[in-house]
Structures are given as structure tokens and as C-alpha cells.
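This report concerns a sheet with its neighbouring helix, and then a single residue in a loop. The sequence and the structure are shown first.

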Amino acid sequence: MALAATGVHAKTIAVTADRMIEVETGKVISKPVVVITDGRITAAGSGVAIPAGAERVDLPGVTLLPGLIDMHVHIDADPRFSGYTYLQFSDRFWMTVAVANAEKTLNAGFTTIRNVGSYEWNDVGLREGIDAGYVPGPRMDTAGFAFGATGGHCDDTYFPASFNAKEPFNSDSPAEGIKAVRTLRKYGATVIKICATAGVFSRGKSSGAQQLSVAEISAITTEAHMDGLRVAAHAHGFEGIKAAIIGGVDTIEHASLIDDEGIKLAIQHGTYLSMDIYNTDYTQAEGAKNGVLPDNLRKDLELAEAQRQNFKKALKAGVKMIYGTDAGIYPHGDNAKQFAIMVRYGATPLQAIQSATVTASQALGWESDVGSLKPGHYGDLVGVVGDPLSDVTVLEKPVFVMKGGEVVRKE
């Protein structure tokens, strides 16, 4: 999928730094120069000549990487208003939340995000506003509404029947799934998100019960893939994970209870896992104060360590891992805090960085545009002080962010 340029550039800019990490290999390049013309990189490396008349950005003491990618966010969510507390606001309030969160995310060094579920088309409208230059924010892959079975995790499960509360794209057959994909695509979705199992932050005793059949999932993925849309599946339980992989989804979100068979299937099918192994730290510390219901906190705690151990097992087995944090369950702007947890549970710093750069861009289908500092890619850069290959926590404190050749942050 090719991305449209986000603005008109008529200048050449040259960025210099002490070091640059080639994320594909982990090679560290000393004294690099990155040249960006019309928003895209034209040259990058040591010994690169600075073109005459180029605008310079000199970053002594800084290590450069490609702009980071978070593959699982909810940009119009604020964890301070959880449970029923969000009802104090009007529907349109959440678009203002999305705008504020987009800027926080960009300033944190995440120049690309995949939004896997929103309300009232907030993510689609925000993407259009960012691309048109009205508000600052990252490049966005947008699902619009996530959907699944009636009464399932993607449905509205917090109210009695008298409220008649339900999500607009509930799907209870292959035909309804196809219709949902077509309608979402019609109104601006660029990725499809389904809920294949139960979840933590919905009603129901189980977090992992399967809620869509292989036939339903296959119909959804076939329809989406015909039009070039990729499919992400929320799935905690091992049976739902396997059904989603067999049904042809591109990425599994959470994958908390994946078993050995699921890991084997993910490798066989080339399915990516997006495992949000940081956010439970925030939820367990702050959730009750924020209004998270006791049963949701229970389910969150029950899954936490199992998910982390299964992350370790899947990574060791060679599953393709992508960086997805579930931002919105914890505060936006703290996206980089997951790197340290990934390293604690078996990833090398380079593997963690690759999950948020080159591997994530492949999962998006945007590998010719983002996730690398190779010529032809967008001029999306993040700069940190220190060596992220030995201490990934430096990624939590970027001192420089650039998107499309435009400086977003420079300290």
C-alpha cells in the first residue's frame, strides 16, 4: 500500500548526528548524514555530502533511528475515564481527545500508528485532518469501528436491554462479515479489525472464549484482502487465536493465551503477533481510580504474566513480532515504555526496535515508505541521547522527532 504525501515540500534538509542505527542489521553508523528532499530520504550514511543550499539540522550527541511505529492504539481513548465514567462527556468530546493524543504520540517519536478501533469515525476524521495539515499527528492506518459477534468483545456490553446499546457492525454470519467490511471500507477504513474472542475490558467471565468461527473469519479476510486491506484480530484465547490464523488474518492482537500449536500455526502462515505486554502495569496501578470495574481488573491480572511468558516463548520460536501497546488503555505518549518489558521477557534491544520499525512496516504493507532510513522512505526520524542497543529505555525520552522532513521536536 503506497502512502500519499502529507504535504508539499520544496526544500532539502540535511540531518547530522553522532550515530545512526541501521535497523535491518543493527549496524551502528558513525557521523551519519541523512538528506531529505520533498519529504523523502535521498541519501543516508557516513560520508554523505551535504547538498549546497540544504537546510541543516545538527544533532551532536544524538543517535538516530527511523520514526517508530505502534501497531495497536486507540487514539480517541483516555484511560482516566474508564468503566462508566466516560458517559459524562458528549460523543464529540472524544475527537478532541484524539487530536490531543495524536500530538502526544508524535512527540513521543511514534511517527506512524495503526488505530484498531475508534468511535464515530474519529480515527478516520483525524487521519484526514493530519494529512491535510490541520493538526499535528502521526501517519495513521485506521480501522474505523472494530467489529465482532453480537454480545462479543467488540459489542457494547455494559448496558441493559432497555438501552438498546449495540455496535453498528455486529456480525453473526459470513455474509454479515462481508457486509461490514464493505461498509467500513466505503467510509474510510484502511485496515479491518475484528474481535475473534472475548476480552478484558468487556462484560463476561472469560477473556478468551472464541466468538467468531473460522468460516466467519475467512469470509471477512477474503473480502478485505480482495481490496488490499489487511485484517487484525483481537484474540486472547488459544482456540480463537488458531481460528483467526487459519481464517487468514494478518496480525493477532494480544495473543495472551497462545499455545504451542498456535505458535506453530503463526510461523506456518506468516502471521504477526502484536502482544501488549506493558499496559497491565498501568492498569493494575491506576485502573481502580480511573473507574475500571473490578471484574475487568481481575481478568487483566489473570492474563498478565501468562501473556508475557507466551511472548517470550513465541519470540524464541521465531514468530514475527510487531510493536503494539494498546495505548488508550494507558496514557498516549508513553508508548515507548513497552520496549523495556520486551527486553525483560527475552527480546534483544534490536529485536524490540525492529518490531517497531522494519517489521511493523512490513505488517502494515508500507515497507517502501516507513520503518527504515533507506533512500525513498519518508523522512521520519527519531533521535535519542545514548545507545538504545544497550539501553532501550532511552527511547522513552526522545530529543528529536521529524516527520516527512519537518522538525516536530528538537531539544
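Helix α2 (residues 122-131) lies across β7 and β8, in contact meaning heavy atoms within 4.5 Å. Helix α2 runs at about 155 degrees to β8; axes are lines fitted to C-alpha atoms, for helices over the stretch in contact, and angles run from 0 to 180 degrees between N-to-C directions. Helices (H or I, at least four residues) and strands (E, at least two) are DSSP runs, numbered from the N terminus.

The model is predicted: local features need pLDDT of at least 70, side-chain atom pairs count only at pLDDT 80 or more, and totals for chains, interfaces and linings use all residues. Residues are numbered from 1 along each chain as its sequence is written, and side-chain values use heavy atoms, with hydrogens and water left out.

The open sheet has three strands in the order β6-β7-β8, with parallel pairing (two strands pair if DSSP finds at least two bridges between them). β6 (68-73) and β8 (139-142) stand at the edges with a single partner strand each, so one side of each lacks a neighbour in the sheet. Four bridges join β6 to β7 (residues 110-115), and Ile69 stands opposite Thr112 in β7.

Asn170 is found in the loop between β9 (147-148) and α3 (174-186). At 16% relative accessibility, Asn170 counts as buried (under 20% relative accessible area, 1.4 Å probe, protein chains only). Two distances from its side chain are listed below.

| Partner of the Asn170 side chain | Distance |
|---|---|
| Asp155, side chain | 3.2 Å |

Beyond residues up to four places away in sequence, Asn170 touches Gly148, Ala149, Thr150, Asp155 and Glu176.

Notes: Buried means under 20% relative accessible area, exposed over 50%, partly exposed in between (1.4 Å probe, protein chains only). A polar contact is a pair of N or O atoms within 3.5 Å; within protein, one must be able to donate a hydrogen and the other to accept it, and residues adjacent in sequence count only if both atoms are side-chain atoms.
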